[in-house]
Amino acid sequence: MKTSEAPQPFAIAVHEEILEDLSHRLAQTRWTDEIPDSGWTYGANLSYMKELIAYWKDAYDWRKQEKILNSSPQYTVQIDDIQLHYLHVPGKGPDPMPLILSHGWPGSFTEFTKIIGPLTDPAAYGGDPKDAFTVVAPSLPGYGFSHVANQRRLSAEEMVDMFHHLMTETLGYANFIAQGGDWGGLLTSILGYKYPENVVGIHLNMIATAPDQSDIGDISPAEMAFFQKMEEFKDEAGYTQIQGTKPQTLGYGLNDSPVGLAAWITEKFYTWTDSHGDIESSLSKDDLLNNIMIYWVTQTIQSSFWLYYNSRHDAWKLPKGEKITVPTAVGSFPAEISRPPREWVERTCNVTHWTDMESGGHFAALEKPDLLAEDLRGFLRTLK
């Protein structure tokens, strides 16, 4: 793997004609009907989607949000044939620990907007500067500004090798911590497994690894309850079947219709956050639309599906009889879609730090940045 040029500063600057085209498409929306009195039971709720799209069209200020997103230093770097986009925010403290944050689907680097400040400058948030991190947050290849049309698709392991190269070769960090949830949880786990000489520890808010079937012995009652819960999740997992089998077909509709894209993504944020039926108790409309806009302006919804196809047909698996040996921390959020008990995680990871969170769901950095930041600080202290 080779870095062919020095990192180049990057700023988001969406062309005005893209915004004008978006406004026109929103104004021309042809709304579907709805099963009477269905709420969110069968998918995105019509009433809320009309409210969200009206806000997107008439009140949402992309230029304001663009400026906020650009307040974190961003770069691109050519690694092999992929131009990788990432945030790189230096920590303010005596010895900041490098930390790579990996997002998942249907998220983006915008998930980390609220947590970067507390992580990089803890003193400004009432914390100890000794707990500072230097944060690196890439856009996964195929997502957002880490994609160009018809780009080669990468497997999870290829992404991990690229992130390792970014941290050690491009940026020169011999040692670092990795954190992630969703696909980012899988990438973080593989980083810890493959590169223990560089990865000081990993922090997960979603567990994405499992032991080989032959390595599973007696099952605890808590593990049995977890398996039952995951069986129930199958009714929620239709998106994985579509994105993992025929991603190209779905991409036509979502790339062409901003309302279709917004509905596909928003329904997941509604279902996977700790919202108790009110999505905006967890996330604002701006939070939702900032993330949706990244997919829209970069036209990357179809390319973002690739890990689902790849994992269905050529999944990375922890080798039989092996574990992730680096210290592992878990922030277990109550509304997470996959929340195994500690004894299940200990089958594959060297768990040294575990926190049962009081609230929060799948998008921890966006929903509960203070809780996640504090847990990362606590984990860092155990490593020092």
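**Close-up views of a predicted model**

View A. Helix H5 (residues 156-170) lies across strand E2 (74-79), E3, strand E4 (97-102), E5 and strand E6 (176-180), and runs at about 105 degrees to E2. Helix H6 (residues 183-194) lies across E4, E6, strand E7 (199-204) and strand E8 (324-332). The direction of H6 is at about 155 degrees to E7.

**View B. The open sheet of nine strands.** The strand order is E1-E2-E3-E5-E4-E6-E7-E8-E9, with mixed pairing. Strand E1 (8-10) and strand E9 (349-356) each have a single partner strand, so one side of each is left without a neighbour in the sheet. On average, and with direction ignored, neighbouring strands of this sheet are turned by 25 degrees against each other.

**View C. Pairing of strands E3 and E5.** Strand E3 (residues 82-89) and strand E5 (residues 133-138) run antiparallel and are joined by four bridges. Val135 in E5 is the bridge partner of Val89.

**View D. Contact of helices H1 and H11.** The axes of H1 (residues 16-27) and H11 (residues 285-298) cross at roughly 110 degrees and come within 11 Å. This makes H1 roughly perpendicular to H11. Ile18, Leu19, Asp21, Leu22 and Arg25 in H1 meet Met293, Trp296 and Val297 in H11. The residues of this contact comprise six nonpolar, no polar and two charged.

**View E. The buried residues of helix H8.** In H8 (residues 238-245), the buried residues are Tyr239, Thr240, Gln243 and Gly244. They lie on the same side of H8, because they cover an arc of only 115 degrees around the axis. Their cover includes helix H9 (247-256), helix H10 (258-272) and helix H13 (306-314).

Methods:
Residues are numbered from 1 along each chain as its sequence is written. This is a predicted model: local features need pLDDT of at least 70, side-chain atom pairs count only at pLDDT 80 or more; totals for chains, interfaces and linings use all residues. Side-chain values use heavy atoms; hydrogens and water are left out. Axes are lines fitted to C-alpha atoms, for helices over the stretch in contact, and angles run from 0 to 180 degrees between N-to-C directions. Helices (H or I, at least four residues) and strands (E, at least two) are DSSP runs, numbered from the N terminus. Angles under 35 degrees count as roughly parallel, over 145 as roughly antiparallel, 65 to 115 as roughly perpendicular and the rest as oblique. Contact means heavy atoms within 4.5 Å. Ala, Val, Leu, Ile, Met, Phe, Trp, Tyr, Cys and Pro count as nonpolar, Asp, Glu, Lys and Arg as charged, and the others, Gly among them, as polar. Buried means under 20% relative accessible area, exposed over 50%, partly exposed in between (1.4 Å probe, protein chains only). The arc is that of the directions from the helix axis to the C-beta atoms. Two strands pair if DSSP finds at least two bridges between them.
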